[in-house]
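Here are my notes from a first pass through the model. Have it open while you read, and tell me where you'd look next.

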Amino acid sequence: MTVIRSAVTGVGSFLPEKVVTNADLSKFVDTSDEWIIERTGIRQRHQARDDQPTSDLAVEAARRALADAGRTAAEVDMIIVATTTPDMTFPATASIVQRKLGAPVCIAFDVQAVCSGFVYALSVADGFVARGLSKCALVIGAEEMTRLMDWTDRTTCVLFGDGAGAVVVEPREGQGTSADQGILGFALRSDGTKTDLLYVDGGPASTGTVGHLRMAGNQVFRHAVVNIAEAITGACAAAGITVPEVDWFVPHQANQRIIKGVGDRLGLDEDKVISTVAMHANTSAASIPLALDTAIRDGRIKRGDLVLLEAMGGGLTWGACAFRL
């Protein structure tokens, strides 16, 4: 049986030039390099310039993904940007990216699921591409989380950074088996009763301000390990695979302890886990495509490999995706 799969054909990423180390933070935050590394595994993060909006990061990542896929902006027929730090309340950052890229009139919109945003956005693109409604989709995770930081709160401000990652998604024929190139299965979840565990205390319809990020770290950690493991099992079942078959695990880069906790719970070999949290910190919806691009560029992840993605963010939202590159 021949089926149409949504395949990742190009990957790209972009990080702002400015690097902020733990030592830099310790100059104005009550913290230290040792304290941050012990609790999170983070050593540094990137920070966008004041005149460098989220769309600028997204555009650079998109250009690199298009080049990797051998495509041009003129061929793009859909742009989805996963972000919780849009340039403006509206229009969608995707529309701004469309203009800056010089893409033609097409489908363009944002997805907001915080750190789970890229997985959610990828599932939306799959719904269009696999059904013949898009031939060349750009899925971008782009964030400037440092804009949301309360720099007096050392429990949160040390965790986040800025960056963007993008993939090109195109249709490919398959046989309807787990050997096919393309997206094989998803599991997406949300529990709105847990909104008070991770949120921003502002918004246009509440305070009229941007607000700052607030988090109950210990509770988020506990939910993350259990919930992510369940979603991974669900995504693997939908894909018709088992966890041991996975070649590479690319998790949301929130905290090294969470990454290890999920890996241990699933019995994943540490050598199969891609971790970039030390150098990028938590870039929310950008973290998965950033880590994916890093591992493809350094030669670890190769064409034909079976890859598992997962994330958890405010909402609480969480989810997982299995695909063959």
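1. One cut-off before anything else: I call a residue buried under 20% relative accessible area, exposed over 50%, and partly exposed in between. Arg 147, at 35% relative accessibility, therefore goes down as partly exposed. Bear in mind throughout that this is a predicted model.

2. What does Arg 147 pair with? Its side chain meets that of Asp 50 in a salt bridge, 3.9 Å from N to O. Asp 50 sits in the loop between strand 3 (44–47) and helix 3 (54–69), and Arg 147 in the loop between strand 6 (137–144) and helix 6 (154–157), so the pair ties together parts that are 97 residues apart in sequence. The cut-off for a salt bridge is a nitrogen-to-oxygen distance within 4 Å, so keep that in mind when you look at the 3.9 Å of this pair. Asp 50 counts as exposed, at 76% relative accessibility. Glu 144 comes in as well: Asp 50, Glu 144 and Arg 147 are linked in a network of salt bridges.

3. Glu 60 and Arg 63 meet at 3.0 Å, N to O; both lie in helix 3, three residues apart, about one turn of the helix. An α-helix has 3.6 residues a turn, so residues three or four places apart point the same way. Glu 60 is partly exposed at 26%, and Arg 63 is partly exposed at 40%. Then there is Lys 194 with Asp 191, where the closest N and O atoms are 2.9 Å apart. Lys 194 is partly exposed at 22% relative accessibility, and Asp 191 is partly exposed at 22% too.

4. How does helix 3 meet helix 4 (residues 93–101)? Their axes come within 9 Å and cross at roughly 55°. That makes helix 3 oblique to helix 4, and the crossing is right-handed. On the helix 3 side the contact includes Ser 55, Asp 56, Ala 58, Val 59, Ala 62 and Arg 63; these meet Thr 93, Ile 96, Val 97, Lys 100 and Leu 101 in helix 4. By class, that is six nonpolar, two polar and three charged residues.

5. Helix 10 (residues 287–297) has nine of its 11 residues buried, so it is largely enclosed by the rest of the structure. Among the buried ones are Ile 288, Leu 290, Leu 292 and Ile 296, but also Ser 287 and Asp 293. Just after helix 10, Gly 299 takes a positive phi of about 90°.

6. Some backbone spots to check. Most residues other than glycine have a negative phi, and most peptide bonds are trans. Ser 284, not a glycine, has a positive phi of about 55°; it lies in the loop between helix 9 (277–280) and helix 10 and is buried at 0% relative accessibility. Val 114 has a positive phi near 55°, in the loop between strand 5 (107–111) and helix 5 (117–129).

7. Which peptide bonds are cis? One joins Phe 90 and Pro 91, with omega about 10°, and Pro 91 is in the loop between strand 4 (78–82) and helix 4. Another runs from Gly 315 to Leu 316, with omega near -20°; Leu 316 is in the loop between strand 12 (306–313) and strand 13 (317–324).

Note on methods:
Residues are numbered from 1 along each chain as its sequence is written. This is a predicted model: local features need pLDDT of at least 70, side-chain atom pairs count only at pLDDT 80 or more; totals for chains, interfaces and linings use all residues. Side-chain values use heavy atoms; hydrogens and water are left out. Helices (H or I, at least four residues) and strands (E, at least two) are DSSP runs, numbered from the N terminus. Buried means under 20% relative accessible area, exposed over 50%, partly exposed in between (1.4 Å probe, protein chains only). Axes are lines fitted to C-alpha atoms, for helices over the stretch in contact, and angles run from 0 to 180 degrees between N-to-C directions. Angles under 35 degrees count as roughly parallel, over 145 as roughly antiparallel, 65 to 115 as roughly perpendicular and the rest as oblique. A crossing is left-handed if the near helix is turned anticlockwise from the far one by less than a right angle, and right-handed if clockwise. Contact means heavy atoms within 4.5 Å. Ala, Val, Leu, Ile, Met, Phe, Trp, Tyr, Cys and Pro count as nonpolar, Asp, Glu, Lys and Arg as charged, and the others, Gly among them, as polar.
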